[in-house]
Amino acid sequence: MISDVLRQLKKDFLVEFRSRAAVNTALAFAGIITLSISLAAGGTPFSTLVQAVFLWIILFFSAMNGLLHIFTREEEEQTSLFLSLNVPAEAVYLAKLVFNIAFFLVIEMVTCPLFIFFLQVTVKDIILFVMTVLSGGLALASAVTMLAAMTARAGGKGSLFTVISFPVVLPVIWVSIGATVESLQGSSGDAWNSVVFLLAFSGAVTAISFLLFRYVWYDE
Amino acid sequence: MKTGRLVYLFMPAAILMAFLYAPPAAGLGEASRIVYFHVPLAWGSVLAFAVSGILSIRYLFGSNGSEAMLDMKAHHSAGIGLTFTVLAIISGSIWAKMSWGSYWNWDPRETSIVILLLIYISYFALYGVMSDNGNRGRISSVYLILVMVVVPFFIFVVPRVYPSLHPDPIINAEKKMNMDMKMRMTLLVSAVSFTLLYVYFMGMRNRLMGIEKKIDEKIENRREI
């Protein structure tokens, strides 16, 4: 199965690298929103809570289209039937999950420096900030990979994906915002509970998604 | 129908006990009586969602899930749970206004139940989109199981990690019930009443589904003749 996962992963990265449509759109969205907020504020510093809210809203909405794209592309190009006949569902799920985590990581790597630079953010606890962003991204990518598959198989579009994803990832965004505020204000012991929460959430959602993916992927 | 009779017995008893038997809570006064409806409604909503998740597991992993229409039964349970959640939010808001001065405070427990509400509204959106999709039963069941795994994270974990305006939960870290005996009895009777009400509604919805199925089959048979 590992070879199937690696083959799928290679294919997904190659296809994405050829067009770069999803990642370019997501990065452009993140850049435009960050600049727009900075421009509208005119240099006025925000409170740490507002800064944290902006960061997670930008990350979430920038990534949403790209995270869905990985499955809708298979449906649009009519390759999902071929995949379901030749590759085990679990291998498809793991490949898409790893791709989505990598995709989210790229978005974070570009958005966070932009966010810190343009919104005049001072990070007092860098380790906590990095861990929060990474674990929050991992939790978001883990949760929405399965939901993206469901949306694509249901024949839904971006709006349905946002509707079914937002409530599921809201606790993740909520906890991530709290931990980000702590990291901007200075270290706090409680904030590490949030990182543990995010990692536990990722583990639970990935495990259940791995078990259930075949029921979404194969036709009845 | 036995459940129906029990509902007619327990529900009036719970209402009478809430207003006449239980004493008002110290500091909160008569407004505290809403607890006998708010807590059982919240319990009923969690129970309904747990049942919808369990029925979905049986639908996917059981041998005769599709014949027993377990996906439809899970859908009915989610519908009843959604109604209970809305009522729990309304009763909670009234109580919050009386206790804390405003209808909504974004307390972790309030936030949790709103997220629960949004999750199940999303479930109905997903279910509605797939009206002509042959995989509707499977996909909607997977969604219900997935959210059953996610829900404990913010129903039970988040309110314990973040400070809350709510009093200690009835089942708390010390495993003690900080309640007067009469209040405890009333709450128990009310919780049983709402559980029976859920079972009664569920039975009615499932019977209705069975009748609709039989009517559809008869119509199909006549068309074939």
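# Two chains of helices

Q120(A) lies in the loop between helix 5 and helix 6 (126-153) of chain A. Helices here are DSSP runs of H or I with at least four residues, strands are DSSP runs of E with at least two, and both are numbered from the N terminus. This is a predicted model, in which local features need pLDDT of at least 70 and side-chain atom pairs count only at pLDDT 80 or more, while totals for chains, interfaces and linings use all residues. Residues are numbered from 1 along each chain as its sequence is written, and chains are lettered from A and ligands numbered from 1 in the order in which they are written.

The backbone of Q120(A) has a phi near 50 degrees, a positive value in a residue other than glycine. Is Q120(A) buried, partly exposed or exposed? Q120(A) is partly exposed, because 13 C-beta neighbours lie inside 10 Å. The cut-offs count other C-beta atoms, placed from the backbone, within 10 Å of the residue's own: 20 or more for buried, 12 or fewer for exposed, and partly exposed in between.

The next stop in chain A is G136(A), which sits in helix 6 of chain A. G136(A) has 29 other C-beta atoms within 10 Å and is therefore buried. Leaving aside residues up to four places away in sequence, G136(A) touches V172(A), S176(A) and L198(A). Contact means that the C-beta atoms of two residues, placed from the backbone, lie within 7 Å. Between G136(A) and A204(A) there are 14 Å from C-alpha to C-alpha, and the two are 68 residues apart in sequence.

Helix 5 of chain A (residues 89-118) also packs against helix 3 of chain A (residues 48-76), with an angle of about 150 degrees and 10 Å between the axes. An axis is a line fitted to C-alpha atoms, for helices over the stretch in contact, and angles between N-to-C directions run from 0 to 180 degrees. Helix 3 and helix 5 of chain A are therefore roughly antiparallel to each other; that label applies over 145 degrees, against roughly parallel under 35, roughly perpendicular from 65 to 115 and oblique for the rest. The crossing of helix 3 of chain A with helix 5 of chain A is right-handed. A crossing has this hand if the near helix is turned clockwise from the far one by less than a right angle, and is left-handed if anticlockwise. Residues of helix 3 in this contact include L55(A), I58(A) and F71(A), and those of helix 5 include F99(A), E108(A) and F115(A). By class, the contact has 12 nonpolar, 4 polar and 2 charged residues. Ala, Val, Leu, Ile, Met, Phe, Trp, Tyr, Cys and Pro count as nonpolar, Asp, Glu, Lys and Arg as charged, and the others, Gly among them, as polar.

Chain B has 6 helices and 0 strands. Of its 225 residues, 38% are buried. Contacts in chain B between residues at least 6 apart in sequence join residues at least 24 apart in 78% of cases.

Helix 1 (residues 2-21) and helix 6 of chain B cross at roughly 150 degrees, and their axes come within 8 Å. These two helices of chain B are therefore roughly antiparallel to each other, and their crossing is left-handed. Among the residues that meet are F10(B) and M17(B) in helix 1 and V189(B) and L196(B) in helix 6 of chain B. This contact divides into 15 nonpolar, 6 polar and 1 charged residues.

Helix 3 (residues 70-100) and helix 4 of chain B pack at an angle of about 145 degrees, with 10 Å between their axes. Their crossing is also left-handed. The residues in contact include L82(B) and I89(B) of helix 3 and L116(B) and Y120(B) of helix 4 of chain B. They divide into 11 nonpolar, 4 polar and 1 charged.

At the end of the chain, I225(B) is in the segment after helix 6 (181-224) of chain B. I225(B) is exposed because 4 other C-beta atoms lie within 10 Å. The C-alpha atoms of I225(B) and L60(B) are separated by 35 Å, and the two residues are 165 apart along the chain.

Where the two chains touch, 27 residues come from chain B and 26 residues from chain A. On the side of chain B, the elements that give two or more residues are helix 4 (108-129) and helix 5 (136-161). Helix 5 of chain B gives the largest share, 14 residues. This side of chain B has 21 nonpolar, 5 polar and 1 charged residues.

Confidence comes last. The model scores ipTM 0.85 and pTM 0.84. Chain B averages a pLDDT of 83, and 87% of its residues score at least 70; pLDDT is the predictor's confidence in each residue, from 0 to 100. Within chain B, confidence is highest in helix 2 (residues 35-61), at a mean of 91, and lowest in helix 5, at 79. Where pLDDT is low, predicted coordinates should not be read in detail.
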